[in-house]
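Hi there,

Here is the structure I promised to pass on to you.

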Amino acid sequence: NGILERLNAGEVVIGDGGFVFALEKRGYVKAGPWTPEAAAEYPEAVRQLHREFLRAGANVMQTFTFYASDDKLENRGNKLSFTGAQINEAACDLARQVANEGDALVAGGVCQTPSYLSCKSEADVKAIFKKQLDVFVKKNVDFLIAEYFEHVEEAVWAVEVLKETGKPVAACLCIGPEGDMHGVSPGECAVRLVKAGAQIVGVNCHFDPMTCVKAVKMMKEGVEKAGLKAHYMVQPLAYHTPDCNCQGFIDLPEFPFGLEPRILTRWDMHKYAREAYNVGIRFIGGCCGFEPYHIRAVAEELAAERGIMPAGSEKHGMWGAGLEMHTKPWVRARARRDYWENLKPASGRPLCPSLANPDGWGVTKGHADLMQQKEATSKDQLKQLFDRSKSH
């Protein structure tokens with residue numbers, strides 16, 4: 001069945017995790033541009049990560065096409081030997097190959113563009129989406145996702161282009177309960193996306209699971225109040241973000257190389273999956289920071305509802321049951337659910353604060369600082385930024 005048939009039947013659909021972060025840690029993606037040329041450069045690395053998420057229980061293989069628009073691939077001196085079309089075609093082939101190894105669907109994805117931030121016209125931005133879409137149509141992906149949009153206006157433009165294919169369209173904003181970067185509430189954002197043609201709406205990235213679930217709940221309330229219907233999805237960070245402002249984790253001083261102390265445990269993921277299910281979300285996955293074991297925890301928590309355990313659970317005892325085989329008695333004593341549900345993990349970092357002071361530069365689309373360029377960032381431009389950061 002397709003994505004809408006599964007959701008209409010009340011099935012729980014589990015997405016995969018955050019490819020750019022996972023592959024950056026593995027040495028295949030450069031932090032900064034976060035572009036997905038690895039799909040063409042190192043296909044085996046991308047294929048293996050797809051397989052790990054499939055084994056963990058994901059039944060959506062999202063193409064590794066994040067930030068694969070030509071304007072992003074060429075932004076700030078990022079020179080590649082592959083075109084966006086070549087990267088996207090390779091990504092579609094890899095996702096399809098692994099999806100066919102299980103009961104999984106392939107989702108082609110587009111995301112926000114430097115062109116929008118630089119105030120290009122609606123026609124210019126839509127042309128970028130259309131160029132990416134041509135590959136997804138050619139490769140016959142099962143459905144489409146417009147994700148990681150900070151501004152609902154750009155997300156609506158993306159949905160309007162994607163729906164022209166006749167394929168199911170999902171749309172995710174990277175927002176929290178405060179709404180998009182121009183202050184449009186989650187409920188209003190969702191209404192605009194549904195009216196534009198999205199059959200599935202939700203949020204991804206930028207915030208921790210419980211914050212994202214709260215935002216999607218607000219979306220659901222807005223859609224229902226407007227007398228509309230939709231399915232709901234959530235693909236959050238795997239990091240705790242209680243101290244974030246409306247911009248999310250990219251404002252945290254630890255972004256992107258010092259986030260490990262914030263990582264959620266697999267047991268946190270059980271709580272997330274249950275909370276998402278309880279508010280009516282049926283497409284549940286992950287974004288940056290999510291590794292396959294996180295998705296496995298989601299799949300295990302919802303195994304009864306789905307009627308299946310993930311293949312990866314053959315190497316994982318539920319709630320620590322495998323520890324019954326440990327040689328040390330105090331570790332064997334941890335082979336129980338109440339131990340892990342009530343654990344408060346220590347960071348082991350004596351001088352570190354529990355919360356951070358996020359950067360708050362207050363710039364978004366339309367601000368001169370967000371005008372993008374093909375040329376590499378100059379040393380003078382960097383000096384200005386370094387000097388400015390010291391004043392915040």
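Let me start with the aromatic residues: F21, W34, Y239, F249 and F255 come together as one aromatic cluster. Rings of Phe, Tyr and Trp (its six-membered ring) pair here if their centres lie within 6.5 Å; planes under 30 degrees apart count as stacked, over 60 as edge-to-face and the rest as tilted.

Before I go on, a word on the source: this is a predicted model, where local features need pLDDT of at least 70 and side-chain atom pairs count only at pLDDT 80 or more, while totals for chains, interfaces and linings use all residues. Residues are numbered from 1 along each chain as its sequence is written, and side-chain values use heavy atoms, with hydrogens and water left out.

**Aromatic pairs**

By the ring rule, the count comes to 20 aromatic pairs. One of them is F21 with F249, a tilted pair at 5.9 Å centre to centre with 40 degrees between the planes. This pair links distant parts of the chain, 228 residues apart: F21 sits in helix α2 (residues 19-25) and F249 in the loop between β7 and α12. Helices (H or I, at least four residues) and strands (E, at least two) are DSSP runs, numbered from the N terminus. F21 is buried at a relative accessible area of 4%, and F249 is buried at 1%. For these labels, buried means under 20% relative accessible area, exposed over 50%, and partly exposed in between (1.4 Å probe, protein chains only).

Y339 and W340 have ring centres 4.8 Å apart and planes at 85 degrees, so that pair is edge-to-face. Y339 is partly exposed, with a relative accessible area of 23%, whereas W340 counts as buried at 18%.

**Backbone points to check by eye**

F255, from the cluster, is joined to P256 by a cis peptide bond with omega about -5 degrees. P256 lies in the loop between β7 and α12.

Which residues have a positive phi although they are not glycines? C119 has one, of about 70 degrees, and Y148 has one of about 60 degrees. C119 lies in the loop between α7 (114-117) and α8 (122-138) and is partly exposed, with a relative accessible area of 40%. Y148 is found in strand β4 (residues 143-149) and is buried at 8%.

**Helix α12**

Helix α12 covers residues 266-278, and its 13 residues should span 18 Å at 1.5 Å a residue; the end C-alpha atoms are 19 Å apart, which agrees. The expected span is 1.5 Å times one less than the number of residues. W267, D268, M269, H270, Y272, A273 and A276 are buried in α12. The buried residues of α12 pack against α11 (209-225), β7 (231-235), β8 (283-284), α13 (292-301) and α16 (337-342). Contact means heavy atoms within 4.5 Å. After α12 comes G280, with a positive phi near 100 degrees.

**Where α4 meets α6**

The axes of helix α4 (residues 43-56) and helix α6 (residues 84-99) come within 9 Å and cross at roughly 35 degrees. Axes are lines fitted to C-alpha atoms, for helices over the stretch in contact, with angles from 0 to 180 degrees between N-to-C directions. On the α4 side, P43, V46, R47, H50, R51 and L54 meet L94, A95, Q97 and V98 in α6.

Best wishes
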